[in-house]
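Subject: Structure handover

Hello,

Here is the structure I said I would pass on. Please have it open while you read the notes below it.

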Amino acid sequence: MKLALIGFGQAGGKVVDEFLSFDDAIGGGFIESAIAVNSATTDLKGLERIPDENRILIGQARVKGHGVGADNELGAEVAEADIDEIQGAIDRIPVHEIDAFLIVAGMGGGTGSGGAPVLAKHLKRIYTQPVYGLGILPGTDEGGIYTLNAARSFQTFVDEVDNLLVFDNDAWRSAGESVEGGYDRINREIVERFGLLFAAGEVEQGDHVAESVVDSSEIINTLSNGVSTIGYAREVVDTDGGLLSSLTGDDEFDDGAATNRMTSLVRKAALGRLTLPCDVSSADRGLVVATGPPSHLNRKGVERGRQWLEDETASMEIRGGDYPIPSRDEVGAIVLLSGVTDVPRIEQLQQVAIEAQETTEDVRASADEEFSSLMDTGGELDALF
Ligand SMILES: Nc1nc2c(ncn2[C@@H]2O[C@H](COP(=O)(O)OP(=O)(O)O)[C@@H](O)[C@H]2O)c(=O)[nH]1
Ligand SMILES: [Mg+2]
């Protein structure tokens with residue numbers, strides 16, 4: 001499916017940059033336009049692929065290109081104040097050619113955390129295309145302010161978008177890795193999963209003889225509301241064109257092996273590390289996509305995997321299809337789970353938001369108390385004199 005990508009803030013911009021490079025590498029063609037929005041000049045300069053004219057600086061009047069720090073309220077304010085600047089870039093997109101908008105942002109910082117929900121609300125008001133978010137949650141070791149920002153922004157972002165796809169940095173960090181090196185690796189993991197999904201919906205009719213290719217409407221139907229997560233598993237395959245099986249005449253065996261491989265890849269994808277870890281059975285809808293060289297895409301395997309996921313989720317809305325990539329030497333399974341509800345990380349963030357709210361109320365209440373006891377003392381003092 002064709003997307004307009006908008007990276008909001010530093011993480012958002014870098015991930016959109018990486019999406020462009022992935023789209024190029026697989027010949028996907030799923031990106032119609034790519035825009036970066038930031039309040040920090042240096043972050044925009046650091047991007048590699050997003051065209052210069054699509055790098056939009058906001059908040060210049062308030063922060064003079066220095067960024068908003070981790071202040072996501074300020075991030076939201078400058079996004080609102082400069083929404084016309086952003087719209088100016090969106091006006092250059094041939095919007096009638098896109099299937100959806102995708103706003104990418106780190107939820108823990110300031111610019112993206114505050115600004116992404118503001119932009120989502122704006123786009124939903126103007127356009128009929130779905131507006132999706134890709135929200136990146138901070139690592140738990142980043143500190144309280146990042147967690148609190150994410151807790152607050154997450155809820156707002158979910159409410160504004162048609163679906164929030166989530167990636168949790170915390171579930172993907174590895175020990176002993178530098179932060180920067182870590183992000184480069186993580187960003188590749190992000191774009192491979194979400195990129196394959198969106199590219200799958202972009203296979204043109206007649207590109208391949210695959211009747212079972214995924215259609216963009218199937219992705220859109222799966223992403224109808226709530227929160228989504230993706231699982232992915234792959235295996236390197238022999239791409240000698242089936243020489244061995246034609247020599248041995250063992251086609252039947254090969255077929256069975258391909259079916260089993262695909263079914264087990266679907267299970268591995270769903271039960272392995274998800275972009276947002278959750279209880280798979282809580283998903284409301286799902287989509288299974290088989291990727292790889294057409295000769296290795298096994299219909300029966302996808303169908304069995306799809307049925308297995310139906311049983312796991314007790315959902316009647318599990319879709320399935322192929323994404324043939326002739327040049328690839330791996331077969332893979334992508335499992336998109338949508339409308340997931342049993343997500344420990346989100347419950348944890350909600351708890352943080354509630355506690356922060358209570359603390360604010362406590363501080364206010366005790367300030368009120370102090371004030372009135374001060375007045376009481378004042379009264380007593382008055383009486384003394
Ligand atoms: N996956 C990923 N996460 C990032 C990257 N850079 C920053 N983050 C995360 O995004 C959050 C917000 O940081 P940043 O994007 O710099 O904030 P902003 O520029 O104010 O929106 C951080 O707390 C990190 O969790 C990145 O390159 N990749
Ligand atoms: Mg930053």
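The model is predicted: local features need pLDDT of at least 70, side-chain atom pairs count only at pLDDT 80 or more, and totals for chains, interfaces and linings use all residues. Residues are numbered from 1 along each chain as its sequence is written, while chains are lettered from A and ligands numbered from 1 in the order in which they are written.

Ligand

There are 21 residues around ligand 1, and Gly 9, Gly 106, Gly 108, Gly 109 and Gly 112 come nearest. Helices here are DSSP runs of H or I with at least four residues, strands are runs of E with at least two, and both are numbered from the N terminus. The most comes from α1, with four residues. By class, the shell around ligand 1 has six nonpolar, twelve polar and three charged residues. Ala, Val, Leu, Ile, Met, Phe, Trp, Tyr, Cys and Pro count as nonpolar, Asp, Glu, Lys and Arg as charged, and the others, Gly among them, as polar.

Helix pairs

Helix α1 (residues 9-26) packs against helix α9 (residues 179-200) at an angle of about 55 degrees, and their axes are 9 Å apart. That angle makes α1 oblique to α9. Axes are lines fitted to C-alpha atoms, for helices over the stretch in contact, and angles run from 0 to 180 degrees between N-to-C directions. Angles under 35 degrees count as roughly parallel, over 145 as roughly antiparallel, 65 to 115 as roughly perpendicular and the rest as oblique. On the α1 side the contact includes Lys 14, Phe 19 and Phe 22, and on the α9 side Arg 188, Ile 190 and Gly 195 are among the residues. Two residues are in contact if their C-beta atoms, placed from the backbone, lie within 7 Å. The residues of the contact of α1 with α9 are seven nonpolar, two polar and five charged.

For α6 and helix α7 (residues 144-160), the axes come within 9 Å and cross at roughly 10 degrees. These two helices are therefore roughly parallel to each other. Among the residues that meet are Ser 113, Ala 116 and Lys 121 in α6, and Asn 149, Ser 153 and Phe 157 in α7. This contact of α6 with α7 has five nonpolar, five polar and three charged residues.

Single residues

Most residues other than glycine have a negative phi. Lys 64 has a positive phi, near 55 degrees, and lies in the loop between α3 (60-63) and α4 (72-81). Lys 64 counts as exposed, with 10 C-beta neighbours inside 10 Å. (A residue is buried if 20 or more other C-beta atoms lie within 10 Å of its own, exposed if 12 or fewer, and partly exposed in between; C-beta atoms are placed from the backbone.) Ala 314 also has a positive phi, of about 50 degrees, and its place is in the loop between α13 (299-313) and β9 (318-324).

Ala 283 is buried, with 29 other C-beta atoms within 10 Å.

Regards

Definitions and conventions: Near = placed C-beta within 6 Å.
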